[in-house]
Amino acid sequence: MLAFPEFFPNQGGLPIKVDGQILGGISASGAKSEIDEQVAQAGIDALLKK
C-alpha cells in the first residue's frame with residue numbers, strides 16, 4: 001500500500017486464470033462487495049464454461 005497511496009482494497013474483482021496462468025481480470029461494482037465478487041465469479045464461470 002505504500003507504493004500506491006491512493007489504493008483502496010475492496011472485494012469485487014477477480015483474476016481470470018487458465019492452467020495456472022493469469023489471463024486478465026473481471027470485476028463488478030454497484031452492490032455489496034460480497035455480491036460484486038459473486039457476480040464477477042459468475043462471469044468467469046460463464047467465460048470458462050466448457
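Reply: We'll go from the overall layout to two residues. Keep in mind that this is a predicted model.

Me: Fine. What pattern does the chain follow along the sequence?

Reply: Start with the order of the elements: here the chain reads β-β-α, with one helix and two strands.

Me: How much of the chain is buried?

Reply: Buried residues make up 14% of the 50 in the chain. The accessible surface comes to about 4300 Å², and carbon and sulfur atoms account for 58% of that area.

Me: Let's take Leu 14. Is Leu 14 buried or exposed?

Reply: The cut-off for buried is under 20% relative accessible area. Leu 14 has 17%, so Leu 14 counts as buried. You'll find Leu 14 in strand β1, residues 13-18.

Me: And what does Leu 14 touch beyond its sequence neighbours?

Reply: Skip residues up to four places away, and the contacts of Leu 14 include Gly 24, Ile 26, Glu 37, Ala 40 and Ile 44. Take Ile 44: 30 residues separate it from Leu 14 in sequence, yet their C-alpha atoms are 8.5 Å apart.

Me: Now the helix. Which helix holds Asp 36?

Reply: Asp 36 belongs to helix α1, residues 33-47.

Me: Which side chain of opposite charge is nearest to Asp 36?

Reply: That's Lys 32, 11 Å away. Asp 36 is buried and has no salt bridge.

Terms used. Residues numbered from 1 in each chain as written. Predicted model: local features only at pLDDT ≥ 70, side-chain atom pairs only at ≥ 80, totals over all residues. Heavy atoms only, no water. Helix = DSSP H or I, 4+ residues; strand = E, 2+ residues; numbered from the N terminus. Buried < 20%, exposed > 50% of the residue type's maximum accessible area, 1.4 Å probe, protein only. Lys, Arg positive; Asp, Glu negative; His and termini not counted. Salt bridge = Lys/Arg side-chain N within 4 Å of Asp/Glu carboxyl O. Contact = heavy atoms within 4.5 Å. Areas by Shrake-Rupley, 256 points an atom, 1.4 Å probe, with all protein chains shown as cover.
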